[in-house]
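This briefing covers the nonpolar cores of a predicted model and the surroundings of one of its strands.

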Amino acid sequence: MANGDKFGIDILGKASYDSPLRLSKRHGDNIFNFVKENEKILLDTSLKEYKKCLAGKKEPLGMVKAGPREKIYFNTRKTKAAIVTCGGLCPGINNVIRSLVMGLTYFYGVKEILGVRYGYEGLIPSYGHDFVDLTPAYVKDIHQFGGTILGSSRGSQDVGAMVDCIYENGIDLLFAIGGDGTLKGADAIGEEIKKRGFDISVIGIPKTIDNDINLIDKTFGFETAYNVANTIIRDAHNEATGAYNGIAIVKLMGRDSGFIAASAAISMPVVNFVLVPEMHFELEGENGFLTFLKKRLDKKQHAVIVVAEGAGQHLFSEDVKEKVTDASGNVKHKDIGLLLKNSIADYFKKNDCPVTIKYIDPSYIIRSVPANPEDSVFCNGLAYHAVHGALSGRTRFVVGKVNNRYVYLPISAVTNKRKKINLEGGFWYTVLESTGQPFKMR
Ligand code: F6P
């Protein structure tokens, strides 16, 4: 019995064109094979799950394996693609744009690729952001730069109007590079396209330095971002040790998930406290953060604290807690770094214990840099697999790696909740092992 097609992906219709790719169908000839339609990658690779499925005579839950198909849906000589980048910047966006253009052009012979300017605004003609023609010559050097050559914006736009624009411009494939909000937007566009019966495929490429997209191993740019944070923490440690009872606080991005703060701290193991949105901690009391900080200073005379921007929001008094949201509807957090700085200063003053505090907020710097080599490899892989999936006629899907293999997942499966650090999991335990901070500070 099948385990339900939880990760089934919408297909526009029967793929009836031969792929222009000269790939193989048999093993042993040293030529890469086309991916067969029924090839899947398992979600849960544990022995426990295997035994459970065996006992229940169920097929384990699988995801569509990504890659080139022998038959494709689009007549590539007539296919027009468009690429849009939305939301906050992230290292590697230009690499993805470049590899999409190269893959569409050189693998499949797609001749027209439009760059949509300034996010979804570019699909609303009244904004006046004209499309740009993306050609290999136009994009060949862009991977060397951070940011996005297309520009970006936050916020949703009228779905009907965007579909009008996509249709009227003869676009067959829309690649949307963005985070949770962008992907939800792409899915809504795909739904409207389906309602209208258009033959247009919508593909999401998950992007956020926060690494908070559900199910997938990691988002591109995340590694580069915490690599940048790594050296900032190294230098913050020098500041902390440079004074008797020196305290360095480094605030890093991470709205709802603390992956950047946690990974950066493990990668530069001089951090004594990592504070993330997933954990509830108190400042005061014998088990509060400040008591542990004092113990640390008594022992070592310096401390390094890494705090994610979304951590400790419960510590703000009700009047400052009033919710402010950005154009995408994300809650704009209060400055936990400053609150920590002031609370630490007050606490040690009260305890008559002089401390030197350095507060470092690298802010946008960690996400506006070019991709590092690992992310460049990853961006390339994501873009190529996105191109193959798009031409196969699949729609409303994202490309990502799960269990280190490229798969296609329905957009709805990755946007139904945010990925968060599991405080009972091995990753967070490594943070605690590395920092020596207690399981709970409350
Ligand atoms: O893209 C994610 C992110 O970098 C978050 O970590 C951060 O909270 C947010 O974007 C800030 O974005 P902006 O200030 O550009 O709206």
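**Nonpolar cores**

Phe175, Phe289 and Ile344 touch the most other members of the largest nonpolar core, which has 104 residues. A nonpolar core is a set of buried Ala, Val, Leu, Ile, Met, Phe, Trp, Tyr and Cys residues joined through side-chain atoms within 4.5 Å; buried means under 20% relative accessible area, with a 1.4 Å probe and protein chains only. This is a predicted model, in which local features need pLDDT of at least 70, side-chain atom pairs count only at pLDDT 80 or more, and totals for chains, interfaces and linings use all residues. Residues are numbered from 1 along each chain as its sequence is written, and side-chain values use heavy atoms, leaving out hydrogens and water.

- Helix 6 (residues 222-241) gives the most to this core, contributing nine residues; helices (H or I, at least four residues) and strands (E, at least two) are DSSP runs numbered from the N terminus.
- Phe175 touches residues including Ala81, Leu100, Ile203 and Val387, not counting those up to four places away in sequence; contact means heavy atoms within 4.5 Å.
- Another core, of 35 residues, lies apart from it and has Ile171, Leu183, Ile200 and Val414 among its members.

**Strand 13**

- Seven of the seven residues of strand 13 (residues 302-308) are buried, so the strand is largely enclosed by the rest of the structure.
- His302, Val304, Val306 and Ala308 point one way from strand 13, while Ala303, Ile305 and Val307 point the other way.

**Strand pairing**

- Strand 11 (residues 246-252) pairs with strand 13 in the parallel sense over seven bridges; pairing requires at least two DSSP bridges between two strands.
- Leu252 has Ala308 of strand 13 as its bridge partner.
- Strand 12 (residues 273-275) and strand 13 also pair in the parallel sense, over three bridges, and Leu275 stands opposite Val307.

Definitions and conventions:
Buried < 20%, exposed > 50% of the residue type's maximum accessible area, 1.4 Å probe, protein only.
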